[in-house]
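Good morning. Please look at the sequence and the model on the screen, and then I will go through the pockets and the aromatic rings.

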Amino acid sequence: MKIIDAHNHPDWHGHDLEKFIANMDRYGIEQTWLLNWECPEHEYATSYRHIVPASLLGSQTGPIPFSRCVSYKERAPERFIPGYCPDPRLPDACARLRAAHEIYGARVCGEFKCRMMYDSPDALRMFKVAGELKMPVIFHLQYSFQRTDNDPWSEWWGGTIDTLERVLQACPETIFLGHAPGFWIHISNDDLWSKTNYPSADTKVIPGGRTVELLRKYSNFYCDMSAGSGRLALQRDPEFAINFLTEFQDRVVYARDYFDNTHQEFLDSLELPETILHKLYHKNAEKLVVE
Ligand SMILES: [Zn+2]
């Protein structure tokens with residue numbers, strides 16, 4: 001089975017190109033969507049500092065510079081699809097997006113992760129250009145929770161699930177992929193979204209969640225199952241996951257955002273029909289990348 005990891009990053013969690021490719025080979029991953037992350041340095045939590053080397057390399061564009069995605073692509077062109085999302089508040093954001101597409105082969109607009117409401121006029125303008133360029137947008141949505149007194153920084157990204165709905169409505173020509181805790185927590189129709197990023201592993205899903213509602217309502221809406229948030233949303237209730245992945249078999253993509261194999265192990269344990277697995281593992285991702 002061909003496998004595409006639709007969400008990962010260069011120089012991430014201690015992986016240089018060589019380690020990255022060895023890791024892909026180990027888990028049978030043929031291609032990876034390699035995403036940047038652009039935002040001002042003061043917007044991302046200090047806890048990220050040890051897993052992104054940007055400041056070490058003098059990056060002026062935030063935690064994961066697009067230049068690293070380009071570097072991987074140039075050295076291993078068959079293995080990577082570069083993704084680029086500018087900070088949409090920059091006056092030349094749309095020009096940057098076009099240049100990344102035209103000159104450097106970016107085919108995905110991601111990862112979008114800035115400390116701002118995602119339905120701001122600047123973001124909507126960028127999403128429309130992404131749609132015009134046929135670049136699917138991958139965004140990180142996360143609610144704010146106060147942490148400890150020693151670390152009062154409370155990260156939040158994008159707004160709420162209602163912000164997301166306004167974005168989907170405003171940009172019907174753009175494809176979006178839901179990602180991160182603030183999106184996946186809404187797989188269940190409960191109030192956990194207001195309490196935690198990660199529900200405990202045995203919390204059953206209550207039908208009627210906004211995630212499902214938005215997928216049913218908006219045909220331009222997809223999701224990536226990457227990271228703990230995506231895996232846990234499915235793993236917390238495997239029976240629900242089978243129904244979810246069957247209903248949305250054309251709009252979910254396999255993705256990791258990390259270097260372990262837990263997403264594959266879980267997916268394979270569900271004993272889904274081969275036709276569905278082909279879509280999740282590669283066909284849906286291939287459909288979204290337009291040359
Ligand atoms: Zn990511």
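**Pockets and rings**

The lining of the largest pocket divides into 10 nonpolar, 10 polar and 8 charged residues. Here Ala, Val, Leu, Ile, Met, Phe, Trp, Tyr, Cys and Pro count as nonpolar, Asp, Glu, Lys and Arg as charged, and the others, Gly among them, as polar. This is a predicted model: local features need pLDDT of at least 70, side-chain atom pairs count only at pLDDT 80 or more, and totals for chains, interfaces and linings use all residues. Residues are numbered from 1 along each chain as its sequence is written, and side-chain values use heavy atoms, with hydrogens and water left out.

A pocket is an open set of points on a 1 Å grid over the protein atoms alone, where a 1.4 Å probe fits, with protein on both sides within 12 Å along at least five of seven lines; lining residues have an atom within 4 Å of a point. Of the 28 lining residues of the largest pocket, Y48, H140, Y198, A227 and D257 lie nearest its centre.

Now the rings. The whole structure holds 18 aromatic pairs, meaning rings of Phe, Tyr and Trp (its six-membered ring) with centres within 6.5 Å; planes under 30 degrees apart are stacked, over 60 edge-to-face and the rest tilted. F183 and F221 form an edge-to-face pair, 5.5 Å centre to centre with 85° between the planes. Both F183 and F221 are buried (under 20% relative accessible area, with exposed over 50%, partly exposed in between, 1.4 Å probe, protein chains only). F183 and F221 also belong to one aromatic cluster with W184, F240, F244 and F248.
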